[in-house]
Amino acid sequence: MNARQVSEKVADYPIASAEAATVLAKAVARASAELGLTQSRLARVLGLSAATTSRLMAGTYLIAADSKSWDLAILFLRLFRSLDSIVGTQEAARTWLQHDNLALAGKPVELIEHVEGLVRVVQYLDASRARI
């Protein structure tokens, strides 16, 4: 897909939705890169095919605002923001994701590949950063 085709795809969205979809795609690409997720793992997190995720990362695909993948992308960004606010560094965030977590009963990076695991990890992180 070339730049013209992307522009035509964006034209299918209302202006606000196209801007939101573009911002979401860029934020997901940045967050997954910072967390060291492979495109295939990100595809499983978002419920997209590997090819679609590749286009998302390249900026030639936008997630539809009324799709399940949109909701999963928002949850993924919540995970990223929460984790970033707790651990503070990219290396610490990657390490946290890759190691077993007793409270979650597994490795967060594996848990987030399923909807219920993603929700559980986000809730855990939100609770961890909550004020006492």
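These are my notebook entries on a predicted model of one protein.

**Ground rules.** I number residues from 1 along each chain as its sequence is written. Because the model is predicted, local features need pLDDT of at least 70, side-chain atom pairs count only at pLDDT 80 or more, totals for chains, interfaces and linings use all residues, and side-chain values use heavy atoms, with hydrogens and water left out.

**Confidence.** I looked up pLDDT, the predictor's confidence in each residue, from 0 to 100. The protein averages 85, and 86% of the residues score at least 70. Residues 1–8 stay under 50. For that stretch I find four contacts (heavy atoms within 4.5 Å) beyond four places in sequence.

**Fold.** I took helices (H or I, at least four residues) and strands (E, at least two) as DSSP runs, numbered from the N terminus. I get eight helices and zero strands. The order along the sequence is α-α-α-α-α-α-α-α. Of the contacts with a separation of 6 or more, 61% join residues 24 or more positions apart.

**Surface.** Buried means under 20% relative accessible area, exposed over 50%, and partly exposed in between (1.4 Å probe, protein chains only). Of the 132 residues, 39% count as buried. The protein exposes about 7600 Å² (Shrake-Rupley method, 1.4 Å probe). Carbon and sulfur atoms supply 53% of that area.

I then checked V28. Beyond its neighbours within four places in sequence, V28 contacts L42, L46, L56, A73, F76 and L77.

**Helix α5.** This helix covers residues 68–87, 20 residues in total. From first C-alpha to last, α5 reaches 29 Å, close to the expected 28 Å. The expected span is 1.5 Å times one less than the number of residues. Its buried residues are S69, W70, L72, A73, L75, F76, L77, L79, F80, S82 and L83. G88 follows α5, with a positive phi near 85°.

**Helix α6.** Which residues of α6 are buried? In this helix (residues 90–98) they are A93, W96 and L97. Down the axis of α6, they fall within an arc of 100°, so they line one face of the helix. I took the arc from the directions from the helix axis to the C-beta atoms.
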